[in-house]
Amino acid sequence: ILNILKQFAEPIRVLVTGAAGQIAYSLLYSIAKGDVFGKDQPIILVLLDITPMLPVLDGVVMELQDCALPLLREVIPTDKVEVGFKDLDAAILVGSMPRKEGMERKDLLNANVAIFKTQGEALEKYAKKTVKVLVVGNPANTNCLIASKSAPSIPKENFSCLTRLDHNRARSQVAMRVGVPSDSVKNVIIWGNHSSTQYPDVHHAIVNHHGKEMSGFDAVNDESWLKGDFITTVQQRGAAVIKARKLSSAMSAAKAICDHMRDIWFGTPDGEWVSMGVYSTGNSYGVPNDLMYSFPVMIKNKTWKVVDGLSINDFSRGKMDATAAELVDERDTALTFLGA
């Protein structure tokens, strides 16, 4: 039956930008194989990168062809936005300007505002209005906000940025500490910016400890670790991987992208939430409006909803406010470049 469905199902168009880069190299196989959008969903993969990367992109196309994947109907490599953004069902914006040595944060913001303004305008002009857009390229939250502001006719709810990698890191750290598999830990939260000010929060986490459900704090039984080294480990994990590998975390980033998009497509399990950078508008946590801020969300019918009303203690409040302040600062700087 699956094979019959596959033959007749309409393919969806999925764009990956920065497609010649190393995150994409770890990501494309999983998408093309059906791990993200479903085992019976044919896919047209659109691969966008800058002109100098086109020869590399040709090699990636060859490899995708050589995987002989039944769901992969077509691969379109391009350096043109009018080709890349046409009729999209999903856009995964991985490509961004990386921080170079000696570069000030505002220079990095300026360069990325230009990129994500162009891509937002291209989404507005060429993509379906139902497109789901995931921004991965850093600074992801602010890049996501700029893209959404540049595509006013696409609902703000259709834009999200990746904090699932941080979420997975937090989940895994707790699981290793307790000595259980990572799927025995649920409902950790990443609040705020995908930066070193993010706040990994275990106050509402639940751990299945050898068949018994208990709170994250009770299972770990080490408050000083949870309020200290645990937080800094998650916050600085990306830098630790770069230091060790001399390259950024691509395998784990690609896995997190797959998790994030699969949850948008198919929803979150009952009673579980995940972390995503989404548009802040009227929440119970006092987070300023008009930011892309990472919240706990539940997803149903491709629509996310912030999990409101969780109790927040003073420790958490301070950390949530600090990361919000950084995002407000980034946004205001970015908007001056946008000419808003």
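The model is predicted: local features need pLDDT of at least 70, side-chain atom pairs count only at pLDDT 80 or more, and totals for chains, interfaces and linings use all residues. Residues are numbered from 1 along each chain as its sequence is written, and side-chain values use heavy atoms, without hydrogens and water.

**Fold and dimensions**
- The chain has 13 helices and 14 strands; these are DSSP runs (helices H or I, at least four residues; strands E, at least two), numbered from the N terminus.
- The radius of gyration, taken over C-alpha atoms, is 20 Å, close to the 20 Å of the globule rule for 340 residues, so the chain is as compact as a globular protein of that length. The rule is 2.2 Å times the number of residues to the power 0.38.
- The C-alpha trace spans about 55 × 50 × 40 Å along its principal axes.

**Packing**
- Of the 340 residues, 52% are buried (under 20% relative accessible area, 1.4 Å probe, protein chains only).
- Among contacts (heavy atoms within 4.5 Å) with a separation of 6 or more, 73% join residues 24 or more positions apart.

**Threonine 268**
- Threonine 268 sits in the loop between helix H12 (251–266) and strand E12 (274–279).
- Threonine 268 is buried, with a relative accessible area of 14%.
- A polar atom of the threonine 268 side chain lies 2.9 Å from the backbone nitrogen of isoleucine 299.
- Beyond its neighbours within four places in sequence, threonine 268 contacts Asp263, Val274, Val297, Met298 and Ile299.

Notes: Buried < 20%, exposed > 50% of the residue type's maximum accessible area, 1.4 Å probe, protein only. Polar contact = N/O pair within 3.5 Å; in protein donor to acceptor, adjacent residues only side chain to side chain.
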